[in-house]
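Student: I have a structure open and want to learn how to read it. Can we go through it feature by feature?

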Amino acid sequence: MAEELAYEEREVVLRANFHELDDERCCYVSLHFLQGPRHPRPGETVYLLDGDQQGCIGEVVEVHGWSARVRPDWDTFVGA
């Protein structure tokens, strides 16, 4: 049987839409299809990826049910 990977060693990738940001340049992402031991918590780091395969690191600001508000780190943005 495979050894379970510790949460701290996982890379959490969330689908984002970088064209729909709030006034603080944060995006709202769905956690509905995220598999794993738990959802990310405020203050934790995730990777945001859009439909054009552009992405960046982000910090979870808030979690409400099946959605999270994430602050992208624009210095890590990779894409067109």
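Student: In which order do the five strands lie in the open sheet?

Tutor: First, some ground rules. This is a predicted model: local features need pLDDT of at least 70, side-chain atom pairs count only at pLDDT 80 or more, and totals for chains, interfaces and linings use all residues. Residues are numbered from 1 along each chain as its sequence is written, and side-chain values use heavy atoms, with hydrogens and water left out. Now the sheet. Strands (E, at least two residues) are DSSP runs, numbered from the N terminus. Two strands pair if DSSP finds at least two bridges between them. Here the order is β1-β3-β4-β5-β2, and the pairing is mixed.

Student: Why is one side of β1 and of β2 left without a neighbour in the sheet?

Tutor: β1 (13-15) and β2 stand at the edges with a single partner strand each, so one side of each has no neighbour in the sheet. From one strand to the next, the twist averages 50 degrees. Axes for that angle are lines fitted to C-alpha atoms, and angles run from 0 to 180 degrees between N-to-C directions.

Student: In which sense do β1 and β3 pair?

Tutor: Parallel, over three bridges.

Student: How many helices does the protein chain have?

Tutor: Zero, against five strands. From the N terminus the chain reads β-β-β-β-β.

Student: What share of the residues counts as buried?

Tutor: Buried means under 20% relative accessible area, with a 1.4 Å probe and protein chains only. Of the 80 residues in the protein chain, 29% pass that test.

Student: Which residues touch the most other members of the largest nonpolar core?

Tutor: A nonpolar core is a set of buried Ala, Val, Leu, Ile, Met, Phe, Trp, Tyr and Cys residues joined through side-chain atoms within 4.5 Å. The largest one here has 13 residues, and L14, A16, C27, V29, V46, L48 and V70 touch the most other members. Two or more residues come from each of β2 (27-30), β3 (45-49), β4 (55-64) and β5 (67-72).

Student: What does V70 touch?

Tutor: Contact means heavy atoms within 4.5 Å. Leaving out residues up to four places away in sequence, the contacts of V70 include C27, V29, V46 and L48.

Student: Is R69 buried or exposed?

Tutor: R69 counts as buried because its relative accessibility is 9%. R69 sits in strand β5. Beyond four places in sequence, R69 touches residues including D22, E24, E59 and E62.

Technical notes:
Buried < 20%, exposed > 50% of the residue type's maximum accessible area, 1.4 Å probe, protein only. Helix = DSSP H or I, 4+ residues; strand = E, 2+ residues; numbered from the N terminus.
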